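Hi everyone, thanks for coming. Please have a look at the sequence and the picture, and then I'll walk you through what I found.

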Amino acid sequence: MPKVLIIDDSAVMRKIIQRNIQQSGLLVDEFVEAGDGREGLEKATANNIDLILCDWNMPNMTGIDFVKALRGSGQKSNIPIVMVTTEGGEAKIEEAKNSGANGYLTKPFTPDQLKSKLGNFLLVK
Amino acid sequence: MAIEGIMENVASDITSATKTLFETMIMLDLKYDNSFFEDDTQIKTDVIGMVSFTGKYHGVIALFCSKKFALKVASTMLMTDLTDFTNEVKDAVGEVSNMIAGNVKTKLTAQYGEMNLSIPIVIAGEGLSITAVNNHPVVAETTLSCFSKDPWLMTPFISSGEKFDVGLLLKESSK
């Protein structure tokens, strides 16, 4: 069963994302949380993570730096990453994709938008 | 375009971003009125959630609200009944400010080139406890007073019977 890592400096946002996934019918066995990119990098490499949801603007290590660091690490570098961020616009989406992100969702989002975005990476019950 | 005109356009973006946020993640009723320049340099409030941005223009987008409204919004977002003004409530206010500012910034970027957003900062006032001569504590309902040399362009909103404002400070950056 899939394990999902949620990286966001807001604990409230991590809870909202987790609740929306649980209520969506998407199959997830366990959630792992991190408050910034640096912690996310540690948890992504220490756990058998199947999917990563990552914010952009965070202290210590931003989301885009996390994506570049994970993709360049050689370890677990092929885990799908979906950016979930207030950063919108074509340039940011392009930058994220060029850095190795597999999906992009701007906040605020509806539960259906989140489900639709993650449906590419997770099975539905 | 003069800075006042740009600010009014941005205020329209603030209204649109706030409306979208309330329709997607907060799910509370929302009414709003026309934006206005706040003459008073001292804005009194309980809670301020603010995000600054830099680029061709720089400034601050800030949410000014009561503690009661902050609790209501955090409770709705978390689908639980929060009664204490905890860090979780401040976190929720920060996220609300962040989502409004993020959406406004995307629109500004499309018009004026790349801009950078700060991480949200939340400031909340606390009740001031004064011990009287007869040793009976008197708790005063204090509010924050936010000072600014430039006038805020305020957009007033009402949700669940509670008034809140989203303010904008904007300046053109030096070339």
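Predicted model: local features only at pLDDT ≥ 70, side-chain atom pairs only at ≥ 80, totals over all residues.

Residues are numbered from 1 along each chain as its sequence is written, chains are lettered from A and ligands numbered from 1 in the order in which they are written, and side-chain values use heavy atoms, with hydrogens and water left out.

Okay, the sheet. Chain A has five strands in an open sheet, ordered β2-β1-β3-β4-β5, with parallel pairing. By pairing I mean that DSSP finds at least two bridges between two strands. At the edges sit β2 (30-34) and β5 (103-106) of chain A, and each of these pairs on one side only. On average, neighbouring strands are turned by 20° against each other, if you ignore direction. For angles, axes are lines fitted to C-alpha atoms, for helices over the stretch in contact, and the angles run from 0 to 180 degrees between N-to-C directions.

So what is on the two sides of β3(A)? Both faces are covered: A:Leu51 and A:Leu53 on one side, A:Ile52 and A:Cys54 on the other, all buried.

Now the neighbours. β1(A) is joined to β2(A) by five bridges, and to β3(A) by four. A:Leu5 shows both: its bridge partner in β2(A) is A:Val32, and in β3(A) it stands opposite A:Ile52. Further along, three bridges pair β3(A) with β4(A) in the parallel sense, and there A:Cys54 stands opposite A:Met83.

"Contact", or touching, means heavy atoms within 4.5 Å. Helix α5 (residues 111-118) of chain A lies across β3, β4 (81-85) and β5 of chain A, running at about 175° to β5(A).

Let's zoom in on A:Lys3, in strand β1 (residues 3-7) of chain A. Not counting residues up to four places away in sequence, A:Lys3 touches several others, including A:Glu30, A:Val32 and A:Leu51. Is A:Lys3 buried or exposed? A:Lys3 counts as buried because its relative accessibility is 17%.

That brings us to salt bridges: a side-chain nitrogen of Lys or Arg within 4 Å of a carboxyl oxygen of Asp or Glu. The structure holds 14 of them over all chains. One joins the side chains of A:Glu30 and A:Lys3, at 3.8 Å, N to O. A:Glu30 lies in strand β2 and A:Lys3 in strand β1 of chain A, so the pair ties together parts that are 27 residues apart in sequence. A:Glu30 itself is partly exposed, at 36% relative accessibility.

Next, where the two chains meet. The contact takes 21 residues from chain A and 20 residues from chain B. The area buried between them is about 1,800 Å², with carbon and sulfur atoms giving 59%; buried area here is the accessible area (1.4 Å probe) that two parts lose on being put together, summed over both. In chain A, the residues losing the most area to chain B are A:Val12, A:Thr86 and A:Pro108, together 33% of what that side buries.

How many salt bridges are there between chain A and chain B? Four. Helix α1 (residues 11-24) of chain A gives the most to the side that touches chain B, with seven residues. One of the salt bridges pairs the side chains of A:Lys107 and B:Glu95, at 3.6 Å, N to O, and both residues are buried. A:Lys107 and B:Glu95 also belong to a salt-bridge network with A:Asp8 and A:Asp55.

A:Pro108 is in the loop between β5 and α5 of chain A.

That's it from me, thanks!

Conventions. Buried < 20%, exposed > 50% of the residue type's maximum accessible area, 1.4 Å probe, protein only.
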